Amino acid sequence: MRKSKLEISDEIKKARLKLSIEHYIKYFIGKRACELTKEEALYAISLAVREFAMDEMYKTIACYNEKSAKRVYYLSIEYLIGRSLENNLHNLGLYDLLKDIKLEDFPDFSLEEIFDTEYDPALGNGGLGRLAACYLDSMASLGMPGFGYGINYQFGLFKQKFENGWQVEQADNWFSDFSPWELARPDRQVTIPMFGHVETYKDANGKDTYVWANTHTLYGVPYDFPIVGYNGKSVNYLRLFSAKTDDEFDIDIFNNGGYIEAVEDKIKTESISKVLYPSDALESGKALRLSQQYFFVSCAIQDIFRRFLENNNDFDKLPQSICIQLNDTHPALAIVEMMRLLIDVYGQEWEASWNIVTKIFAYTNHTLLPEALETWPVKYFAKMLPRHLQIIYEINRRFMEFAKEKFGDNEAKLQKVSIVSGEGESQIIRMANLSIVGSFSVNGVAKIHSELIKTSLVPEFYELWPEKFTNITNGITPRRWLLHANTNLATLISDKIGKDWISHLELLSKISDFAEDADFVRKFIKIKKANKEALRHEIFKRTNVAVTANSMFVVQAKRIHEYKRQLMAILQVIGDYLAIVRDNVRPVCPKTYIFAGKAAPSYTFAKLIIKLINSVANVVNNDSRVGDALKVVFIPDYKVSVAETLIPAADVSLQISTAGFEASGTGNMKFALNGALTVGTYDGANIEIREAVGEDNFFLFGLKENEIQAMRPTYNPRKIYEESEYVKRILNTINSNLFCEKDTPALFKPIFDELLNRDYFFVLADLEAFDNAMKEAELAYLKQDEWAKKAIYNVARVGYFSSDRAISEYASKIWHISECSDDVIEFEKQEAKSA
C-alpha cells in the first residue's frame, strides 16, 4: 500500500529529528548517550526541536517581508511563558514522532521526566505576564506578524519559600544555565543614554535645538525566543534585552588596588536586567524600576526603527507599517522615547513627530485601582532622563491647551487629565495619562472593566475622546491550557468532535451534546480523578501534606493582594474548622483548600495573609478531630509549570475579588476550560463567564460594584461583626492565639483591626454570602454525575474566551492587520518549487 504524502513527510521529520538529537548529544553535550543526565537529554532534544522552529521562523519572516506586512509590536514588562519543549513539540507536530523515536543506548528516562527538568523562565509574575504570553502564542498561531519586546531578567521576580509559614524571597537564578530556546543577537545591540544634562542651541534658522550631553552609556543586547504557532504555520519571536556595559571593568582602577570600584559601574548598569519588579520600598528601588522601563522601551523603539529604516526612510509611512501595543503603563515611556528619536536623532519637526506617534501607539489598561496607576516623581526624570522630562512637559503643555478648549476653566477636570501633577518637590508624572494622551486607542479587558474606565477611572478623558475607548475581553490560549496542560481531556474531546477546536475554541460547544452521554461523563470523571491524583502527589512532594483526591479541591491561585481576597477564603476555612471542633458539624463533603501565589516583597499585609493561611493550615491539618474532612495547603513558588498540574485538578475555582476591582482575570477562564466550577463575585470577566456557561453552572455571591460604591460612605464593618455570630467568632479566633506561635501572641491583630476599623475591600460584608455559596457548591458536589455535567458545560461554553478571538479583535478593531498564515503556507510552497 502506497504511503501518503503526509506519512512520507512525517517519516522524513522523524529521521531528521533523530539525527539532530544524536548530533547534539555527541557534539554539543560531548557524551555517549548512555551517560546523559535528564538535563542533558532535555538540552539535546530542545536544540533539535529548535532547528525545526528556526526553519519555520526564517520562512515566516521572509513571507512577512515579501508581503510588506504591517507589524505589531507588543511591549510588556513581563512574560510568563512557561516551559517550551513540550509546548513546541505539540505546536510543531513533533510530539508523537518523538515518542516513536528509539535512540541507541539512551537512558531509560520517560519523556515526562525529561519535560519536568525544564526550568520555567522567570520572566513574569502573574496575569499580566501570562496574558502577554497567550497573546504571542495566538499571534503566531493566527499567522499575524506580531512580536514581543521585554527585558531578559537574570533572576526574574523571586523564588518563593516558606520559613515558619512566612514568605521568604530567594533569587530565582533561572538564567544560570544555558537556555536552548534563547538566541543571542549581539549584532543587534543598541546604545542607551542616561543621566547627563540637556544643552540648548540655536540652529541656522534661530530655532532651539537640544543636545543631551555628558550621558552615561549602557547597551542592550537582544535575545530571541521563538514563538511557535499551532501546527507550525508561522513562528514569530519574543525579543528580550539584557543590560551590558562597554567594558568588564576599569583596568587602571583595578591595578591601583580599587578591586571593587573597578567593577562597580558594571554591577550598577547590569542590575537593570537582573530582577523583575525590584522592591520600591526604598528610593533606590524606585529609581531602578524607572530605569528598567526606560531601558526596555528605548531598546524596543531603536530596534523597531532599525528594521523600518532597512527598507524605508519616510517616517510619514511609519503608521502604515507598524502598531505598538502598550501592555499597561510600564512601557508608556516608549511614547516619549519615540518623540526624542524622531526629533533629536532623525531631525523631524514636533508636529510631524507627534502626528506619527499618536497614530502608532495603543494602550491596554489593566487596573481600576487608582493607587495602582503608575506615577513617577519628577526628580527621578530630572536626574536620569532630563531630555524626556523636557518632552513630557511640552506634550503636557500642548495637551492642556487642547483640554482647555473642551473644559474651559473647570480646574478640577483639567487637574485630573494633566500628565504632570503637583508642584515643586512633590511634582509627579502620571503614566496612565501619558499613555492615553499619546495613544490612538485605549481598551479595557472585560465589558464591566471597560465601562468603569469610562465612568469611574478616567471619565474626563472619555469626555475628550470617546472614540478612543473600546473593550476587548481577555482570552487564554487553548494550546497551553488544554491541549498541553490537560492532554487526556483534550484527547477525549478530539475523539468526539475532531481537532479543529484547538484553533477554533468556539467549536467546543459541540461537546455539550455529550453532557447526557453516560460513557462520556464517566470518562470525564475518570480524567478529573487522575488529574487530582497527580496534584495530590505534587502537593505531598512540595508541602509534605497528605490530602485525599476524594475531597472537593477548592483552589485559589493568583497573586496575593487584598482585593483578590485570599483573606476572605481563609476566614471561611476558619469558620468550617470552628464548626467541626466546636459544633461537631462537618462539611457535607470533604474539602481541600489549595492556595498558591506570591506577595510583593514590600507588601507587608499580603505577606501576613500568607502567614495566616499557613498557620491555619498547620492547625487544621494536625487536628485529629478534623481528619480528611478539611485540609488546607499553600503550594510555594507558583508558576506556569505548577499551574499546568493545579488547574486541571480543580473542582472549584475561587474568583472572589471585591466587585469593581478585578479588571478581567484569566485564571477564571483557565479553570472553567478545564472543568472547574466557579464560586465568584460579579466582577471582571466572571460576569461574562457566568453568562456563557449558564447561571446554574456558576455559584454567584456578593455585592455588586454599584452596591459597594453606594455603601462605602457609611460602611461600618464593626456593625457586621457585632450583629453576626458567624463573623464574630471567626474574627475573635484570629484575634486570639489559636493560630499564633507561643512566642508571637496577637500576631494577626493587624488583620483583626483592619477588618473591624476599615475593611476597604468589603471582606466582612461578603463573608456570609461566600460561605453560603460554598455550602451550595458542596451540596451540588455530592451528586457526582450532575456535577460532571455542570463541569462539561463549563468546558463546552467558554470558547469565547480564547486568546485567538481576543487577538482577532485587536487586529480588526485596533491594529488593522490581517492574518498571514495562508500567505506563509503559499510562500513555503513556492520556496519548495524553486528549490
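Select E40 to begin. Its relative accessible area is 17%, and E40 is buried, since buried means under 20%. This is a predicted model, so what you see on screen is a prediction. At 30% relative accessibility, K31 counts as partly exposed. The side chains of E40 and K31 form a salt bridge, with a distance of 2.9 Å from N to O. Side chains of opposite charge can pair when their charged atoms come close.

**Along helix α2**

Next, select helix α2, residues 38-67, and show the side chains of K59 and E56. Both residues lie in this helix, three residues apart, which is about one turn of the helix. Their side chains meet in a salt bridge, at 3.6 Å from N to O.

Move on to Y79, in the loop between β1 (71-75) and α3 (85-92). With 1% relative accessibility, Y79 counts as buried. Which residues touch Y79, if its neighbours within four places in sequence are left aside? Select Y74, L123, G124, G129, A132, A133, L136, G148, Y149, G150, L238 and L240 to see them. Take G148 from that list and draw a line between the C-alpha atoms of Y79 and G148. The line spans 9.0 Å, although the two residues are 69 residues apart in sequence.

How many of the residues of α3 are buried? Eight of its eight residues are, and the helix is mostly covered. To go through them one by one, click on L85, E86, N87, N88, L89, H90, N91 and L92. After α3 comes G93, whose phi is positive, near 70°.

**A network of charged side chains**

Now select R185, D224, R239, D303, R306, R307 and E310 together. These residues are linked in a network of salt bridges. The structure holds 59 salt bridges.

**Strand β13**

Select W376, which is found in strand β13, residues 375-377. Is W376 buried or exposed? It is buried, with a relative accessible area of 6%. Leaving aside neighbours within four places in sequence, W376 is in contact with K286, R289, L290, Q293, F381, Q427, I428, I429 and M431. Show these side chains around W376. Then mark V420, which is 44 residues away from W376 along the chain. The C-alpha atoms of W376 and V420 are separated by 9.8 Å.

**Helices α20 and α21**

Color helix α20 (residues 487-497) and helix α21 (residues 518-543) in two colors. Their axes come within 9 Å and cross at roughly 165°. Angles over 145 degrees count as roughly antiparallel, so α20 is roughly antiparallel to α21. The crossing in which α20 passes α21 is right-handed. Which residues make the contact? On α20 they are N488, L489, L492 and K496, and on α21 they are F520, K523, F524 and I527. Sorted by class, the contact of α20 with α21 has five nonpolar, one polar and two charged residues.

**Helices α29 and α31**

Show Y726, V727, I730 and L731 of α29, then L764, L767, E768 and D771 of α31, to display the contact. The residues of the contact of α29 with α31 divide into six nonpolar, no polar and two charged.

**Last stop: helix α30**

Finish by selecting helix α30, residues 749-757, and in it K749 and D753. K749 forms a salt bridge with D753, and the closest N and O atoms are 3.0 Å apart. How far apart are K749 and D753 in the helix? They are four residues apart, and about one helical turn separates them. K749 counts as partly exposed, at 36% relative accessibility. D753 is partly exposed as well, with a relative accessible area of 27%.

Note on methods:
Residues numbered from 1 in each chain as written. Predicted model: local features only at pLDDT ≥ 70, side-chain atom pairs only at ≥ 80, totals over all residues. Heavy atoms only, no water. Axes fitted to C-alpha atoms, helices over the stretch in contact; angles between N-to-C directions. Parallel < 35°, antiparallel > 145°, perpendicular 65-115°, else oblique. Left-handed = near helix turned anticlockwise from the far one by under 90°. Contact = heavy atoms within 4.5 Å. Nonpolar A, V, L, I, M, F, W, Y, C, P; charged D, E, K, R; others polar. Salt bridge = Lys/Arg side-chain N within 4 Å of Asp/Glu carboxyl O. Buried < 20%, exposed > 50% of the residue type's maximum accessible area, 1.4 Å probe, protein only.
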